[in-house]
Structure formats: structure tokens, C-alpha cells
Amino acid sequence: MSIHIELPERVRYLINKLRSAGHEAYVVGGCVRDSIMGRKPEDWDICTSALPGQTESCLGLPTIIKNGVKHGTVTVRLMDENFEITTFRTDGCYTDNRRPGSVTFVSDINADLARRDLTVNALAYNDETGLVDPFGGLDDINRRIIRCVGKPSDRYNEDGLRLMRTVRFASVLGFDIEQATSKAVHENRELLHNISAERLASELIKLLSGRNVERVLLEYPDLIGVFIPELLPMVGLEQRNPHHCYDVWTHTVKAVSLIENERLLRLCALFHDFGKPDCFTTDENGTGHFHGHPKRSAELCDNIMRRLRLDNRTIDSAVTLIKLHDLRPPAKPKNVRLLLSKTGEELFPKLLELKRADALAQSSYMRTEKLRYIDDLRRIFRQEIAAGSAYNVKMLKINGSDLIAEGFAPGRALGETLNALLSEVIEGELPNERQALLGAARRLREQ
Ligand code: ATP
Ligand code: MG
């Protein structure tokens, strides 16, 4: 059966323009793979036999981002949309397991496809030629297999990032990794030492969002452990506790796959128990405990996320959620307000989601009670938000200026007074009303 791909009109225009000037041109890579699979491509990359200068003059469109040209990439703008058009090329020798020292332009599409990482990505298409598939990529898509183009260990030695791309595509597409490819991933894992933190983080985050994340994380902790060695002691660490039926790593992986598919939450699930190996003790009955592990997990998460160059907002949110993930105060309004004072309104539902995934990734012991407790917290949270209850100083009905007007001295003590008032409001001992707050402030001053 011949493959037909419905190309967007602009893409067809660009390809036709290049072809009518006597050049070859195709869509290539991820967009071909995704179209065959019925997925919506992120972007449409085009490759051509035209040299960059020929592409520019033939299309006569404004070109932007000039720095791709030495690698053969011309970025053109067509009706507010950017398209990358890259000359067929082979990669020169790889000097640092990272990027080719030079590229050579070639006239044969098959030579260009041979430099690509995986068979499912080594596909090109245009309406006249149909699918160009020299490495069996279509078969591999149909059989749901990830396989290197060429000899896997050679390809990984050329570019170590391909190790992470391999497991990332297996996770995202839900494919199996072919045996020789899988073996080479394990054997060559140390090549990840050559890859920048940013690129590792970006691949890891995509991997975490994949439908096969559970299998990939269970099968490749050694690979991820090259750049996050803190996870290795979790693998096989039995918890010896009725709440748990999995070792710490398996529990973690289950939590990742059960939590809502959102970047921050997937990361929190990954890191939430990293502190357990350092906190493991057994009591006189042989039961395992992990006292203090949320704090230790939060510290490790902070270190690792900084090392991976994640943004500060993600780091702060993850650290907050992980620190709080195991707290179980009675489901009462004042305790919800206290938690809210630490998370804020936006993060609070995420804390509940982390707790839910954590509970579901444990043994079934007391699961119903755990889930009911989380539902109780959620119900109270909604009530408190609807009631406009104060959970931070800004929400108090008085501020620093009010206190100064009452004769309080400006300075640090003012902030401490407001915090003390907030504590009483959260506790439910003081109404959030102007006169009551001022009275309480005076009382505090006299103590
Ligand atoms: P997605 O955009 O969904 O991440 P993609 O397959 O389009 O998937 P890109 O990173 O956009 O991935 O790369 C486009 C194409 O370039 C790939 O399909 C592949 O053919 C090739 N490619 C990308 N990175 C590499 C690499 N490190 N080694 C070899 N080929 C690569
Ligand atoms: Mg792409």
C-alpha cells in the first residue's frame, strides 16, 4: 500500500517551488513519522538537494536565522510561519561524541537519511516520489519498534544525545526498543557524560510525558543514573512496610505514570522519594521507616534541578510540593489554611495530585482511607477559597501602614506582628476583621 501524506499548503508550495527549479525536495524526519502514525506533526522540516544559496534565490522569501547556513539550514518565513529547509548532507567526523566537526552537502536523499538517528525518523516524502524509506522505517512504525539506523554503538559514539532520544521516542510513541539497540543503549550509557545538562533535561522531560514512561524508567535506570546518580540507591531498595509493595524505584516509577501528565507534576513524582535511601531505618519489628525523607528529597531535587538548569519557578514549586507531600494533618479547615499558606492557591491542587499518585503507587493497604482523606482536603480547600479565607499576610484586612498609623514603629517587628496575626487567623482564633486585628496587634505589643 502506497503512503499518502496530506501536506499543508505552504509546505507543498515550498516543495513545488524547489522542484520546478530542478531541485529535489521532501518533507523529512519527525513530520513524516507523525503523519504516518496519525499524529499531528510539531513542525514540517524540508530537505532539498539545493545548496543554501540556491534555496534562498529560488524561493525569494525573507530568510531569518542565518547561523544555520553553515550546516545547510535556511529558515524562511512564509505568511507568518517559519520553515527550516536543509540541504541534503552527511555529517563529517564526530570529534566529541556530540556534534559533527563538519558537514558535507550531498545530492542523494538516501545519504542524508543515513545520518539520521532512528529508522522511524529516517523517512522522507513528497507527492511525486511518495515515501523514501531506505532503512525499513515504515515497517518499524507498523511493528512499533525503535531501532538505530546502522550499527547502534557506532551511532551512539557519534552523538551521545541519541541514547536519550532513543528512550524518549520509545516512551512517547509507546514503542519497544529493538534488542541490539537496547543492548547498545545500556553498554554506551556513559557517553551521556558528554551531553549538556540542558539537552539532557529537555529529553528527560519529554520522556516523562510519554505513554510508555513506566516501562522505560523501569528498564533504563542505569541510563538516567548517568546524569542523576542519586536515583541509583533507590533501585531494589525494599521498603519493608505494609504501606508499600514495591521497592522505592518501582514505587517512584508507578507514581510518575499515575500522576496527571503535566511537566511539574511528573517531575515532582520522579523526585518525591529521592531522599528515602538516606533516611531508611528499621525498627525492632523489622518494619522499614523513612523519617525525614520529604526534606531530604526536596534538597536532592533542588540540587539536581539546578544541575539540570531548570528554571527557578519550577525548582521552587517542586521543592515546596515535595517537602509537603507526606504531611497528613487532620482534615480540618485550619490545617488546610496552614498548608495553603505554604503552597498558595495555585499549587495546592497539585499537592493533592502528588499525594493521590503517591497513594495509588503504594500497596492497597488503607488505600480507600488515603483517597478519602485527600478528597476531604480538596473539599475543605474549595470551601476556604470560596469563603475568601486569609492564608497569607497580604490577605489580612490590615497592613503595615495601618499599624504605623496606630503608633507602631516601622521596621522588622511590624512584619513579625503581621505574621503573628496571620497565625491566629489561620488557627481560627481571630477573625480577619480590621478592629479585631488592630486590637490583637495592640495586645501583642503589650506582651
Ligand atoms: P520531535 O520534533 O517530535 O521531537 P523529531 O523527530 O522531529 O521529533 P527533531 O529533534 O525535530 O526530532 O529532529 C528532526 C529530525 O532530525 C529527526 O526526525 C531525525 O531524523 C534527525 N535528528 C535529530 N536529532 C538527531 C540526532 N541527534 N542524530 C541523528 N539524527 C537526528
Ligand atoms: Mg521536529
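**Close-up views of a predicted model**

The backbone oxygen of V248 lies 2.8 Å from a polar atom of the side chain of T252. This contact and the others described below come from a predicted model.

Figure 1. T252 counts as buried because its relative accessibility is 0%, where buried means under 20%. Not counting residues up to four places away in sequence, T252 touches M234, A269, L270, H272 and D273. The polar contact of the T252 side chain is with the backbone oxygen of V248, at 2.8 Å. A separation of 42 Å lies between the C-alpha atoms of T252 and H4, which are 248 residues apart along the chain.

Figure 2. With a relative accessibility of 1%, T55 counts as buried. When neighbours within four places in sequence are left aside, the contacts of T55 are L18, T48, A50, V74 and I85.

**Figure 3. The largest nonpolar core and the residue I228.** The largest nonpolar core consists of 106 residues. V27, M164, I228 and F271 are the residues with the most contacts inside this core. Leaving aside neighbours within four places in sequence, I228 is in contact with L204, F271, F274, I304, R307 and L308. Another core, of 16 residues, lies apart from the largest one. Its members include A390, L414, L421 and L430.

**Figure 4. The aromatic pair of F280 and F290.** A search of the whole structure finds 4 aromatic pairs. One of them, formed by F280 and F290, is tilted, with 5.1 Å from centre to centre and 35 degrees between the planes. F280 is placed in the loop between helix 14 (276-279) and strand 12 (281-282), and F290 in the loop between strand 13 (288-289) and helix 15 (293-307), so the pair ties together parts that are 10 residues apart in sequence. F280 is partly exposed, at a relative accessible area of 25%, whereas F290 is buried, at 10%. K276 lies over the face of F290, at 4.7 Å from the ring centre.

**Figure 5. R445 over the ring of F408.** A charged residue and an aromatic ring are shown together in this view. R445 is positioned over the face of F408, and its distance from the ring centre is 4.3 Å.

**Figure 6. Residues around ligand 1.** There are 14 residues around ligand 1, of which R33, D159, R162, R165 and R168 come nearest. A polar side-chain atom of R33 is 2.8 Å from an oxygen atom of the ligand. A polar side-chain atom of R162 lies 2.7 Å from a nitrogen atom of ligand 1. The backbone also takes part: a polar backbone atom of N121 is 3.1 Å from an oxygen atom of ligand 1.

**Figure 7. Positive phi at M79 and R309.** M79 has a phi near 45 degrees, a positive value in a residue other than glycine. The position of M79 is in the loop between strand 4 (73-78) and strand 5 (81-87). M79 counts as exposed, at 57% relative accessibility. R309, which is not a glycine either, has a positive phi of about 60 degrees. R309 is found in the loop between helix 15 and helix 16 (312-324). At 56% relative accessibility, R309 counts as exposed.

How values were computed. Residues numbered from 1 in each chain as written. Chains lettered and ligands numbered in written order. Predicted model: local features only at pLDDT ≥ 70, side-chain atom pairs only at ≥ 80, totals over all residues. Heavy atoms only, no water. Core = buried A, V, L, I, M, F, W, Y, C linked by side-chain atoms within 4.5 Å. Buried < 20%, exposed > 50% of the residue type's maximum accessible area, 1.4 Å probe, protein only. Contact = heavy atoms within 4.5 Å. Phe/Tyr/Trp six-rings, centres within 6.5 Å; stacked < 30°, edge-to-face > 60°. Helix = DSSP H or I, 4+ residues; strand = E, 2+ residues; numbered from the N terminus. Lys NZ or Arg CZ within 6 Å of the ring centre and 35° of its normal. Near = heavy atom within 4 Å. Polar contact = N/O pair within 3.5 Å; in protein donor to acceptor, adjacent residues only side chain to side chain.
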